[in-house]
Amino acid sequence: MAEFDRIRWRCRRGLLELDLVLERFLEQRFDSLDAGERRLFDELLDEPDNELLDMALGRAEPAPRYRAVMEMLRAG
């Protein structure tokens, strides 16, 4: 549970739209991620808010290593 709480805290961002996308993802998909996918999602959270929102909304493409996780995020 400590990992989930840490990730949830990292999902609190400066953009309401991004907060909503990330919160939905956590509620619906996070439990089904394997350890590698969780690590990649955690790394994605290092991206600046605007860039992460653009990727989540499909306005920008993520780096190839993040594509699978980003597709899950987009499907939300």
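1. At 17% relative accessibility, Asp42 counts as buried, because buried means under 20% relative accessible area. Please keep in mind as you read that this is a predicted model.

2. Where does Asp42 sit? Look in helix α3, which covers residues 35–44. The side chain of Asp42 makes a polar contact of 3.2 Å with the side chain of Arg6. Leaving aside residues up to four places away in sequence, Asp42 touches Arg6, Ile7 and Arg10.

3. Now turn to Leu73, found in helix α5 (residues 67–75). Is Leu73 buried or exposed? Leu73 has a relative accessible area of 1%, so this residue is buried.

4. Which residues does Leu73 touch, not counting those up to four places away in sequence? They are Val21, Leu22, Arg24, Phe25, Phe41 and Ala56. Take Leu22 as one of these: Leu73 and Leu22 are 51 residues apart along the chain, and 7.6 Å separates their C-alpha atoms.

5. The structure holds three aromatic pairs. In the pair of Phe25 and Phe41, the ring centres are 4.8 Å apart and the planes stand at 40 degrees, so this pair is tilted. Because Phe25 lies in helix α2 (residues 16–28) and Phe41 in helix α3, the pair ties together parts that are 16 residues apart in sequence.

6. Both Phe25 and Phe41 are buried.

How values were computed
Residues numbered from 1 in each chain as written. Predicted model: local features only at pLDDT ≥ 70, side-chain atom pairs only at ≥ 80, totals over all residues. Heavy atoms only, no water. Helix = DSSP H or I, 4+ residues; strand = E, 2+ residues; numbered from the N terminus. Buried < 20%, exposed > 50% of the residue type's maximum accessible area, 1.4 Å probe, protein only. Polar contact = N/O pair within 3.5 Å; in protein donor to acceptor, adjacent residues only side chain to side chain. Contact = heavy atoms within 4.5 Å. Phe/Tyr/Trp six-rings, centres within 6.5 Å; stacked < 30°, edge-to-face > 60°.
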